[in-house]
Amino acid sequence: MPSSFYSSVGQYVDRAATLLDVEDGVRILLAEPYRQVDVQVPIHADDGSVLSFRGYRVQHNGARGPFKGGLRYHPDTDLDEVRALASLMTWKSALLDLPFGGAKGGMTLDPGALSPRELEAVTRSFTHAISGVIGPNLDILAPDVNTDARVMGWVMDAYSSRAGWSPAVVTGKPLDLGGVSGRVQATGRGVVAVTASTLTALGRSLAGQRLVVQGFGNVGRNVAELAAAQGAVVVGISDESGGRYVADGIDVPALLPQVGPGVLLKEVPVGDFITNAELLALDCDVLVPAALENAIDGSNVSAVRAPLVVEAANHPLSPEADAKLREGGVIVVPDILANAGGVTGSYFEWTSNLTEFRWSEEQFNRQLLDFMDRAFQSVWERHTERRVDLRTAAYMVGITRVAEATRLRGLA
Ligand code: NAD
């Protein structure tokens, strides 16, 4: 990466803030995170030895509401990455007009190297370490890469052991702890909805489009499943082990039960095995990167043949790749719009916890599509009115709202 991840996101913020002519006082506040916590997270390993990890929680901006953002576990996670992801959450929440600021958490660890008990211990230790700066009206966590409902249940329990029953401190929880039906699929459902809206705006429709999905975790699986259910032809999918290609379309419902925890795509006998490099180069109508940040950068962007790229992952394109694709006429639907179904679903769960009222899955999905559609329309309007790319348009909508809240609160 030529520059830090945080400064890459900062370039997008700057470009939109300049077009909006945002005053210096506000820009100073938007440029830096409000709070960064960097803690030691010690546990006793199963063999009795002491293990110590680094854990981070970055609260980027809280002008519009409590901080909100996921928690990821990954060996490459560092403070810079968490700062960047926290910033993305600020603009995403504002773009969806949710009453949240932006935050992110992470721990530098390989969850595959820990036993379930060690993973639980590290989650509890981290939660206790940051318990002073999180809470239902302060900062709310959610699942992200390598964390899931089970991890959220541990976070909730560890926090509640000190603060009292507090389901609203995390979203993406198990249903029996206050989770809501629909949350697990929400990010993927939002990605598919925004993809369909973009295609409609371009005079096409999702049915019959040839889709390639990179990443087969929570987001990628659901994108593949829901897009196929709407008639898209999923020709390629991949995970960290490589990908699978079927020219006539993968039978996604048949594949899904075969791939799960501990089973990678390279082990599943479906279609042809391809590498991740080959996957990005497939001839298709829509490419959906749904794995990790900077998956497409200056080194591999020239291989991309899709005319439409939908960023299901956070920051899957480096700024260099983003610029090259735009120059080549490729339409890029930005992460802060495309994957915002996750935080929108989290908002429904949080609301449900605070009001102690259960939403039906049907109500959840209907509201989710309404929120995604409104956000898409606001971005598309800016895009056509101001003749800017979709990413700049999305940042312009988000920054306008955060800047106005900052002014109204007298912060700048
Ligand atoms: P996950 O851990 O469930 O899945 C990640 C997937 O990416 C796995 O299939 C993994 O094998 C694959 N992968 C890892 N390295 C790869 C590589 N080099 N090439 C191809 N595949 C690779 O994570 P997730 O929750 O699905 O999140 C994926 C992305 O979506 C992340 O950028 C995350 O921040 C973003 N996101 C997630 C949510 C959510 O609700 N989970 C919400 C918004 C955004």
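**Ground rules.** I number residues from 1 along each chain as its sequence is written, and my side-chain values use heavy atoms, with hydrogens and water left out. Since I have a predicted model here, local features need pLDDT of at least 70 and side-chain atom pairs count only at pLDDT 80 or more, while totals for chains, interfaces and linings use all residues.

**Aromatic pairs.** I searched the whole structure and got eleven aromatic pairs. My criterion: rings of Phe, Tyr and Trp (its six-membered ring) pair if their centres lie within 6.5 Å, and planes under 30 degrees apart count as stacked, over 60 as edge-to-face and the rest as tilted. I looked up Tyr347 and Phe371, which count as tilted because their planes stand at 55°, with the centres 6.1 Å apart. This pair links distant parts of the chain, with Tyr347 in helix H12 (residues 341-355) and Phe371 in helix H13 (residues 361-386), 24 residues apart. I take helices (H or I, at least four residues) and strands (E, at least two) as DSSP runs, numbered from the N terminus.

Phe371 also pairs with Phe348, this time edge-to-face, at 5.4 Å centre to centre and 80° between the planes. Again distant parts of the chain are linked: Phe348 is in helix H12 and Phe371 in helix H13, 23 residues apart. I noted both Phe348 and Phe371 as buried; Phe371 has 12% relative accessibility. My scale is buried under 20% relative accessible area, exposed over 50% and partly exposed in between (1.4 Å probe, protein chains only).

**Arg391.** What lies over the face of Tyr12? I found Arg391 there, at 4.5 Å from the ring centre. I count a charge as over a ring if NZ of Lys or CZ of Arg is within 6 Å of the ring centre and within 35 degrees of the ring normal. Arg391 is in helix H14 (residues 390-408) and is buried, at a relative accessible area of 2%. Its side chain has polar contacts with the side chains of Glu311 (2.9 Å) and Asp322 (2.8 Å). For me a polar contact is a pair of N or O atoms within 3.5 Å; within protein, one must be able to donate a hydrogen and the other to accept it, and residues adjacent in sequence count only if both atoms are side-chain atoms.

I logged another such arrangement at Tyr6, where the charged end of Arg83 sits over the ring, 4.2 Å from its centre.

**Second largest pocket.** I read off about 240 Å³ of space for the second largest pocket. Its lining has 14 residues, and the closest to the centre are Tyr34, Asn61, Gly62, Ala63 and Leu411. Helix H2 (24-31) and strand S2 (50-61) are the elements that give two or more residues to this lining, and H2 gives the most, with three. A pocket here is an open set of points on a 1 Å grid over the protein atoms alone, where a 1.4 Å probe fits, with protein on both sides within 12 Å along at least five of seven lines; lining residues have an atom within 4 Å of a point. Grid points are joined across faces, edges and corners, and a volume is the space filled by probe spheres set on the points.

**Loop residues.** I found a positive phi, near 60°, at Asp97, a residue other than glycine. Asp97 lies in the loop between helix H3 (79-95) and strand S4 (102-108), and counts as partly exposed at 46% relative accessibility.
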